[in-house]
Amino acid sequence: MAKKLRVGAIGIGGMGAGHLASVRACRQARVEAVCDVNPAVLEEVDDPKIRRYDDWQELLAKEELDLVAVCLPHHLYRPVVTAALKRGVHVYKDKPFAKDLADARNMVGASKRYGKRIFVGAQRKFSPSFL
């Protein structure tokens, strides 16, 4: 049997809850840890095997992950994404890629420097309501 992808999630309220549910339904992945600043959102995670954090830096420092899904307000992406890449973790994040060109260049540079990938979700790109 192939090794399961070890996944963390940072920002699990709102859209992040949907991403978390998708990863949990994937047989090739296992959610190891989640992070959110809202205690009520963390309490909704019903699997005792999933570790909970209220500090994303602590999650990245303590967990051995292959991928982290980051779903935060756009202005908060850069430090989280670059820290995850530096830690050796691939990143999935929602669109937009960055709040400005400087942040985009910073994240792409970190991806190249640390040899890890950034995957950008555009899950509604062809949805009729967005065309």
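**View 1. Lys3 and Asp66 form a salt bridge in this predicted model.** Their closest N and O atoms are 4.0 Å apart; a salt bridge here is a side-chain nitrogen of Lys or Arg within 4 Å of a carboxyl oxygen of Asp or Glu. The pair links distant parts of the chain, with Lys3 in the segment before E1 and Asp66 in the loop between H3 and E4, 63 residues apart. Helices (H or I, at least four residues) and strands (E, at least two) are DSSP runs, numbered from the N terminus. Lys3 is exposed at 63% relative accessible area, whereas Asp66 is buried at 14%. Buried means under 20% relative accessible area, exposed over 50%, and partly exposed in between (1.4 Å probe, protein chains only).

As this is a predicted model, local features need pLDDT of at least 70 and side-chain atom pairs count only at pLDDT 80 or more, while totals for chains, interfaces and linings use all residues. Residues are numbered from 1 along each chain as its sequence is written, and side-chain values use heavy atoms, with hydrogens and water left out.

**View 2. Now for the other surroundings of Asp66.** A polar atom of the Asp66 side chain lies 2.7 Å from the backbone nitrogen of Arg6. Leaving aside residues up to four places away in sequence, Asp66 touches Lys3, Lys4, Leu5, Arg6, Val89 and His90, where contact means heavy atoms within 4.5 Å.

View 3. Asp103 is buried, with a relative accessible area of 9%, while Arg78 counts as partly exposed at 29%.

**View 4. Further salt bridges are worth a visit.** The side chains of Lys99 and Asp100 meet at 3.0 Å, N to O; Lys99 is partly exposed at 47%, and so is Asp100 at 32%. Elsewhere, Arg30, Glu32, Arg51 and Glu63 are linked in a network of salt bridges. The count comes to 11 salt bridges.

**View 5. Six strands form an open, parallel sheet in the order E3-E2-E1-E4-E5-E6.** Strands E3 (51-53) and E6 (118-121) stand at the edges with a single partner strand each, so one side of each has no neighbour in the sheet. Two strands pair if DSSP finds at least two bridges between them; E5 (residues 90-94) and E6 pair over four bridges. Val91 stands opposite Ile118 in E6.

Methods: A polar contact is a pair of N or O atoms within 3.5 Å; within protein, one must be able to donate a hydrogen and the other to accept it, and residues adjacent in sequence count only if both atoms are side-chain atoms.
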